[in-house]
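Biologist: I would like to learn how to read a structure like this one. Could you take me through it feature by feature?

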Amino acid sequence: MTTLDQTSGGAAASGFDTPEHQAKLAALYRDFDAAGMTPLWRTREGLMPFAPEPRAVPHLWRWADLYPLAARSAELVPVGRGGERRAIGLGNPGLPGDPYATPTLWAAIQYLGPRENAPEHRHTQTAFRFVLEGEGVWTVVDGDPVAMRRGDLLLTPGWRFHGHQNVSDVPMTWLDGLDIPFVATTDQGFFEFGPDVVRDTTTPARSRGERLWGGPGLTPVSAVGAQPSSPLMAYRWAHTDAALTAQLELEDEGHPGVVEAGHAAVRFTNPTTGGDALTTMRTEMHRLRAGAVSRPGRTTASSVWQVFEGTGTVVLNGAEHSLTHGDVVAIPSWTDVSLRTHTGLDLFAVSDAPILERLSLLRTHPAEQVES
Ligand SMILES: [Fe+2]
């Protein structure tokens, strides 16, 4: 920040550093404050830095810590109308006061006990669920029951009614991701209660949406045309796993497909556009084969990762962190990132890239320009 002295700019001969001038300047700044005015020359570096200076910090939450705490909450806190969900947000230490993982992304561990039912509601915030383990819960999106199983990605685009029911005798937990911070920052939040219990309690193996949209490359002629978010509410692990396996097999056979040596990746897309499945969040699954080392890089998108399977090491701005099943990582804008694994590593990733891309703000730096 520019100081009073610095504003004189060496202009002693002009009288800018005289006691009389300094007193008048101090009075001007006091009057600016009182009038709610802030001069750019005193705040430029904070408002317009030379490169992103995120308040959020790289951070890792251990699944070994998260799961027992979520389970304890189930013994003490019922699920029901008002609180709506037994979901515990992961707060970035660099963003005190808000349970935000990054400035745009909310990530939470949701825990639903045996036979519990989370009531229906809808909101403008877009959501997804990524299932680390377990099954037995159906999420009902606009009346369509969608089974939740290990490795699946389930979508709840904004303003769709949704509730959850656990029809099993064991608890289930998953990662919830929402654009809550972005929607809050832009004052776009609307919320509406729905039925106290999910409106369709049936438990089909395939949702109606999957029956309509789940054929690869097959669009129902009755619904041709672009939709802003995917009409497919479930992306099944069997398909994701097969696609990642195929990329690595193709690499073994000398064909293109992987994003880099030993690194397969798929993006969950909207079949009506080919773009991101959700309007505000990019969702992907990455697989590094045993022994793979990713190219270091950075992007202005902020992201959250969860380790699905395997172990490895992530290097964030030069600091190494070990990774294992279920661990969650927050990666702020412009963080140097690289990965390596001895055993093989499957990672789910979500970022705010679709927002930034649409606004022509997304920047990435290749390996040779990254200090690691
Ligand atoms: Fe919700």
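This is a predicted model: local features need pLDDT of at least 70, side-chain atom pairs count only at pLDDT 80 or more; totals for chains, interfaces and linings use all residues.

Biologist: Is D65 buried, exposed or partly exposed?

Modeller: Buried means under 20% relative accessible area, and exposed means over 50%. D65 has 47% relative accessibility, so D65 counts as partly exposed.

Biologist: How far apart are the C-alpha atoms of D65 and D327?

Modeller: They are separated by 9.2 Å.

Biologist: Now the chain overall. How many helices and strands are there?

Modeller: The chain has seven helices and 22 strands. It holds 372 residues, and 48% of them are buried. Along the principal axes, the C-alpha atoms fill a box of roughly 85 × 55 × 45 Å.

Biologist: What share of the contacts joins residues at least 24 apart?

Modeller: Take contacts between residues at least 6 apart in sequence. Of these, 74% join residues at least 24 apart.

Biologist: Are H123 and H162 buried or exposed?

Modeller: Both H123 and H162 are buried.

Biologist: Which residues does the cupin annotation cover?

Modeller: An unreviewed UniProt entry carries the annotation "domain: Cupin type-2" for residues 110–176. Check such a record against the model. Over residues 110–176 the chain is 0% helix and 61% strand. The end C-alpha atoms of that stretch are 6 Å apart.

Biologist: How do I read a sheet?

Modeller: Strands of a sheet pair through backbone hydrogen bonds, either parallel or antiparallel.

Biologist: How many bridges join strand 14 to strand 21?

Modeller: Seven bridges join them, and the two strands run antiparallel. Strand 21 covers residues 345–351. Across this pairing, E284 stands opposite A349.

Biologist: Let us stay with E284. Is E284 buried or exposed?

Modeller: E284 lies in strand 14. Its relative accessible area is 14%, so E284 is buried. Its side chain makes a polar contact with the side chain of H286, at 2.8 Å. Leaving out residues up to four places away in sequence, E284 touches V266, R267, F268, L347, F348 and A349.

Biologist: Where is T280 found?

Modeller: T280 is in the loop between strand 13 (263–267) and strand 14 (282–288). A loop residue can be judged by the same cut-off. T280 has a relative accessible area of 11%, so T280 is buried.

Biologist: Which side chain makes a polar contact with the side chain of T280?

Modeller: That of D179, at 2.7 Å. Beyond neighbours within four places in sequence, the contacts of T280 include T126, F182, S351 and P354.

Biologist: What is the strand order of the open sheet with three strands?

Modeller: The order is 18-17-20, and the pairing is antiparallel. Strand 18 (319–323) and strand 20 (337–340) each have a single partner strand, so one side of each is left without a neighbour in the sheet. The twist averages 20° from one strand to the next.

Biologist: How many bridges join strand 17 to strand 18?

Modeller: Five bridges join strand 17 (residues 312–316) to strand 18, and the two run antiparallel. In this pairing, G312 stands opposite L323.

How values were computed:
Residues are numbered from 1 along each chain as its sequence is written. Side-chain values use heavy atoms; hydrogens and water are left out. Buried means under 20% relative accessible area, exposed over 50%, partly exposed in between (1.4 Å probe, protein chains only). Helices (H or I, at least four residues) and strands (E, at least two) are DSSP runs, numbered from the N terminus. A polar contact is a pair of N or O atoms within 3.5 Å; within protein, one must be able to donate a hydrogen and the other to accept it, and residues adjacent in sequence count only if both atoms are side-chain atoms. Contact means heavy atoms within 4.5 Å. Two strands pair if DSSP finds at least two bridges between them. UniProt positions are given in the numbering used here, feature names are shortened, and annotations may be inferred rather than shown by experiment. Axes are lines fitted to C-alpha atoms, for helices over the stretch in contact, and angles run from 0 to 180 degrees between N-to-C directions.
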